[in-house]
Amino acid sequence: MKLVRTEDAVGQVLCHDMTQIIRGVTKDAVFRKGHVITKEDIPVLLSIGKEHIYVWEKDDSMLHENEGAEILRRLCQNEHMRATEPKEGKISLLAECPGVLKVDHERLVAVNSVGEVMIATKRGDTLVRKEQVFAGMRVIPLVISKEKMKRVEEAAGPGPLLSLLPLKPKRCAILATGSEIFKGRIQDTFTPVVADKLTELGAEVADHRILDDNAAVTTRTILEEADRGAELICVTGGMSVDPDDRTPLAIRETGAEVISYGAPVLPGAMFMLAYLHRTDADGTKRRIPVAGLPGCVMYAKRTIFDLVLPRLLADDPVKAEELARLGEGGLL
C-alpha cells in the first residue's frame, strides 16, 4: 500500500475500510475496501480525520487484511459454525446450534505466537448458544506477507482449531433424596431448579422420584433408571458429611466409574460425577453420567452443575484432571 494526501487520492483504490465513529449513533465503514475515491469523497474522508490515507499498491508477496482473515477463518471453522463476511479485516464465527466449544489450546497458542495475527475464542469446554459469536479473528496490520501466513498455517497444523459438540435431547431422571421431603415435612424445591436447567438446554425430564435417606434404595433406583433408558441421572441432596447423607455411598455402590467426589468450585465443592457403563441386548454400549448435586445447586444462580451440564448433554466425557483445572476461575 502507498500513503498519499487525501486531496491527491481521487481515482485511487482504498486498500482498507474507512470507519466513522459517532458516539451513540454509528460505528461503521463509510467507504469499503476497493472503493474508488471520487472528488465528492474528499470532504467525507477529511471529516473523519483522514488527512492521509493508504491506497492499494499491488504486490504479489503481500495479502490484504481480509485475505489473511479468510485464511484464519479456514483454520478455525468446523461443522455447526457460520462465518461472517470480512469487515475491517475481522471475521467472526457463530454457532448454528447450541453446543460445547472445544479448543485445541496448544495449537491456538502456537498461531497467536506467530505475530501480526490473532484468534480470540470463548473459553473451551463451555456452552455456546445458537447464533452466539464464540470466536473472532483478524490480521493486525492492513497487509501481511504471504510468507508470514504460511508460517501461521504451519503453526496451526492439520484440522480445524475449533469444534462444536451439539447438545443432545437426552432423557434424564431426577432422584430427590432426603427424609424431610420423602416424609412430606417440607416441599421438594430442588427438583424444579434442576428440571429448569435441563429443559433450558433441550433435555427431557423423563422420570422423577423422591427417595428416603437409604443408600441401598438409592443405589437400586439409579440402576433401575439406567436400565429403563435414562441417559443422564441427577441425584439431589445428601451430598455432605452428615450421618444421614448417603448419596455418595449410593452412587459408589452402583459400580459406576467415579470421576470425582468434590470439585474446586464454589458453590459446588460437594459435587460428584460418575459414569455407569451399560451394554444393551443389541450390543450397544452406553455411558450414563450420574451427577450427585449438592444443596447449593438449589439456591445459587451458578454452580459447578452449570459448568458441567452442557458437557454431559453433548456426550463430552469429563475427566478428573479437567475438574481439577476448574479451580482457577472456579470462584463463581
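This is a predicted model: local features need pLDDT of at least 70, side-chain atom pairs count only at pLDDT 80 or more; totals for chains, interfaces and linings use all residues.

Numbering runs from 1 along each chain as its sequence is written, and side-chain values use heavy atoms, with hydrogens and water left out.

Now show the whole helices, α2 (residues 65-76) and α4 (residues 146-156): they pack at about 10°, axes 11 Å apart. Axes are lines fitted to C-alpha atoms, for helices over the stretch in contact, and angles run from 0 to 180 degrees between N-to-C directions. That angle makes α2 roughly parallel to α4 (under 35 degrees; over 145 is roughly antiparallel, 65 to 115 roughly perpendicular, the rest oblique). Helices (H or I, at least four residues) and strands (E, at least two) are DSSP runs, numbered from the N terminus.

Next, select α6 (residues 190-200) and α10 (residues 304-313), which pack at about 40° with axes 11 Å apart. That makes α6 oblique to α10. Which residues make the contact? Pick Val194, Lys197 and Leu198 of α6, and Phe305, Asp306 and Leu309 of α10. Four of the contact residues are nonpolar, none polar and two charged.

Keep α10 on screen for the second largest pocket: α10 gives the largest share of its lining, five residues. Of the 15 lining residues, Leu127, Arg129, Arg302, Asp306 and Pro310 lie nearest the centre. The lining divides into six nonpolar, two polar and seven charged residues.

Last stop: the largest pocket, with about 680 Å³ of space. Select Arg123, Gly124, Asp125, Arg325 and Leu326, the closest to its centre among 23 lining residues. Then colour β8 (99-103), α3 (105-112), α10 and α11 (320-324), the elements that each give two or more residues to this lining. Pockets come from a 1 Å grid over the protein atoms alone: a pocket is an open set of points where a 1.4 Å probe fits, with protein on both sides within 12 Å along at least five of seven lines, and lining residues have an atom within 4 Å of a point. Grid points are joined across faces, edges and corners, and a volume is the space filled by probe spheres set on the points.

Technical notes
Contact means heavy atoms within 4.5 Å. Ala, Val, Leu, Ile, Met, Phe, Trp, Tyr, Cys and Pro count as nonpolar, Asp, Glu, Lys and Arg as charged, and the others, Gly among them, as polar.
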